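Here is a short tour for a reader who is new to this structure. Please keep the sequence and the 3D view open while reading.

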Amino acid sequence: MVDEERNEMVVTPWEVRGKVDYERLIREFGTQPLTTELIQRIAKFTGKVHLQLRRGLFFSHRDLDVVLDLYEKGTKFVLYTGRGPSGPVHLGHLVPWIFTKHLQDHFKTRLYFQMTDDEKFLVKDDLELEEATNFAYENALDLIALGFKPENTFIIYDVQDIDLLYDLALKVAKRITFSTARATFGFQESTNIGWVFWPAIQAAPCFIHAKLTGENVPALIPAAIDQDPYWRITRDVAPKLGYYKPAQIHCRLLPGLGVGGKMSASEPETCIFTTDPPDIVKRKVWGAFTGGKPTVAEQRRMGGDPSICTVFQYFLFMFEEDDEKLAERERQCRAGEVLCGECKKELTDRINSFLEDHRRKREKARNIIDKFHIKR
Ligand code: TYM
């Protein structure tokens with residue numbers, strides 16, 4: 001949604017700025033809040049409630065209840081998510097992928113994963129097509145490093161695999177008017193025509209499973225809320241093509257290390273890439289915006305404010321599994337018992353040890369990447 005004038009918040013698939021008001025996005029995007037009841041229904045199949053559900057990081061959905069109803073009656077679903085490869089992967093991208101893996105493990109479903117080198121080429125003025133395609137393979141290594149298995153994970157590289165998507169995209173595109181696309185995505189007179197058509201390509205994988213296997217089952221899409229405009233138009237078209245409306249489960253955006261907005265590669269100093277070496281991670285975390293007071297004495301006396309602290313958000317999203325320890329960190333911060341420097345040091349160590357392990361797995365993934373290609 002583009003609404004800069006009223007309160008600065010901008011959330012579109014290509015840009016997120018300002019303080020994101022998630023309640024307002026639910027209202028304005030017309031999605032449903034993720035209720036405790038739905039979380040419990042997921043937990044029936046997954047056992048323990050995943051950290052990202054427990055902490056409200058996934059907060060909204062469309063038709064998750066429908067997908068669960070069908071699943072309980074014996075109709076499976078497939079998972080679908082993706083990446084726009086315009087550079088290296090950052091920690092924010094891993095958030096929905098980690099949750100996707102959790103769902104895949106417990107619901108035993110296929111995952112279709114789209115690498116949109118075409119999208120990024122069309123949208124980014126300074127990106128060559130060959131660069132985007134190269135990033136697509138590099139980014140696939142990050143996905144594989146999270147432990148996905150080739151038996152049930154199918155990566156689609158748009159430019160290379162367009163023959164699989166093109167007929168579906170055409171059928172979608174014919175049913176979306178320019179006026180709907182403009183209202184949904186904010187296209188301008190100056191928008192290139194490739195970009196105007198492109199949303200049909202992101203819609204196509206919602207139906208690829210039916211096309212490839214003849215099995216008409218719904219797709220469930222775990223992704224951050226920024227991708228939602230695509231699903232609005234796809235859901236309108238799906239029944240006209242004889243498919244289920246794709247369902248979504250939306251997560252919040254891991255913030256950047258600066259003030260407001262999401263972690264975004266366009267602000268590299270506030271963004272941690274999986275390829276960042278330890279000293280760079282240290283420098284970036286050291287420069288993070290926190291909820292601390294200007295002086296140690298003030299912080300000891302008045303405490304900090306974890307609710308506005310980006311460092312605390314990183315513990316919340318990914319780097320503190322234990323809920324009690326997280327609550328204790330919050331308490332100590334408010335009481336002035338812990339200083340920002342201590343939290344930053346601990347976070348740096350945790351990120352670096354995660355990334356060290358991730359990079360080892362990422363390098364190993366080079367040997368098996370072909371096994372994940374949809375056309376293997
Ligand atoms: P992209 O590359 O912008 O983002 C990839 C995935 O990461 C999510 N994401 C984030 N999640 C949490 N915190 C953040 N700071 C953050 N930044 C990005 C995005 O929501 C996305 O799930 N057009 C898409 C590629 C795509 C896709 C899809 C994404 C194609 N098909 C289906 C999701 C589902 C894109 O450019 O994603």
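The report below goes from domains to sheet, cores, aromatic rings and a few single residues.

**Domains**

This is a predicted model. The domain assignment of the protein chain gives two parts: domain 1 (13-257) and domain 2 (268-364). Their C-alpha centres lie 29 Å apart. The two parts touch: 22 residues of domain 1 are in contact with 29 residues of domain 2.

**The sheet**

Seven strands make an open sheet. Their order is E3-E4-E9-E8-E5-E6-E7, and the pairing is mixed. Which strands stand at the edges? They are strand E3 (32-33) and strand E7 (153-157). Each has a single partner strand, so one side of each is left without a neighbour in the sheet.

Strand E8 (residues 219-224) pairs with strand E9 (residues 247-251). The two run in the parallel sense, over five bridges. Pro222 has Ile249 in E9 as its bridge partner.

Helix H8 (residues 129-145) touches strand E5 (78-83), strand E6 (111-115) and E7. The direction of H8 makes about 160° with that of E7. Helix H9 (residues 158-173) touches E6 and E7. The direction of H9 makes about 105° with that of E7.

**The nonpolar cores**

In soluble globular proteins, nonpolar side chains tend to be buried together. The largest nonpolar core here has 80 residues. Those with the most contacts inside it are Leu53, Leu91, Ile249, Ile272 and Ile351. Helix H17 (residues 310-319) gives this core its largest share, eight residues. The core draws at least three residues from each of domain 1 (13-257) and domain 2 (268-364).

Leaving out residues up to four places away in sequence, Leu91 touches Leu254, Met263, Ile272, Tyr314, Met318, Phe319, Ile351, Phe354 and Leu355.

**Aromatic rings**

The structure holds 22 aromatic pairs. Two of these pairs are set out in the table.

| Pair | Distance between ring centres | Angle between planes | Type |
|---|---|---|---|
| Trp14 and Tyr230 | 6.1 Å | 80° | edge-to-face |
| Tyr71 and Phe107 | 5.0 Å | 75° | edge-to-face |

The pair of Trp14 and Tyr230 links distant parts of the chain, 216 residues apart. Trp14 sits in the loop between strand E1 (10-12) and strand E2 (15-17). Tyr230 belongs to helix H14 (residues 228-237). Is Tyr230 buried or exposed? Tyr230 counts as buried, at 0% relative accessibility.

Tyr71 lies in helix H5 (residues 64-72) and Phe107 in helix H6 (residues 91-107), so this pair ties together parts that are 36 residues apart in sequence. Both partners are inside. Tyr71 is buried, with a relative accessible area of 16%. Phe107 counts as buried at 1%.

Trp14 and Tyr230 also belong to one aromatic cluster. The cluster is formed by Trp14, Tyr80, Phe185, Phe187, Trp195, Trp198, Tyr230 and Trp231.

**Single residues**

Thr274 is placed in the loop between E9 and helix H15 (278-286). Why does Thr274 count as buried? Its relative accessible area is 0%, and buried means under 20%. Not counting residues up to four places away in sequence, Thr274 touches Val89, His90, Leu94, Asp142, Leu355, His358, Arg359 and Arg362.

Thr36 is found in helix H3 (residues 36-46). Thr36 counts as exposed, at 58% relative accessibility. The C-alpha atoms of Thr36 and Leu53 are separated by 9.2 Å. Along the chain, Thr36 and Leu53 are 17 residues apart.

**Positive phi**

Most residues other than glycine have a negative phi. Asp63 has a positive phi of about 60° although it is not a glycine. Asp63 lies in the loop between strand E4 (58-62) and H5. At 22% relative accessibility, Asp63 counts as partly exposed.

Lys108 also has a positive phi, of about 55°, and is not a glycine. The loop between H6 and E6 holds Lys108. Lys108 counts as exposed, at 57% relative accessibility.

Methods. Residues numbered from 1 in each chain as written. Predicted model: local features only at pLDDT ≥ 70, side-chain atom pairs only at ≥ 80, totals over all residues. Heavy atoms only, no water. Helix = DSSP H or I, 4+ residues; strand = E, 2+ residues; numbered from the N terminus. Buried < 20%, exposed > 50% of the residue type's maximum accessible area, 1.4 Å probe, protein only. Core = buried A, V, L, I, M, F, W, Y, C linked by side-chain atoms within 4.5 Å. Domains from an automatic or database assignment. Contact = heavy atoms within 4.5 Å. Pairing = 2+ DSSP bridges. Axes fitted to C-alpha atoms, helices over the stretch in contact; angles between N-to-C directions. Phe/Tyr/Trp six-rings, centres within 6.5 Å; stacked < 30°, edge-to-face > 60°.
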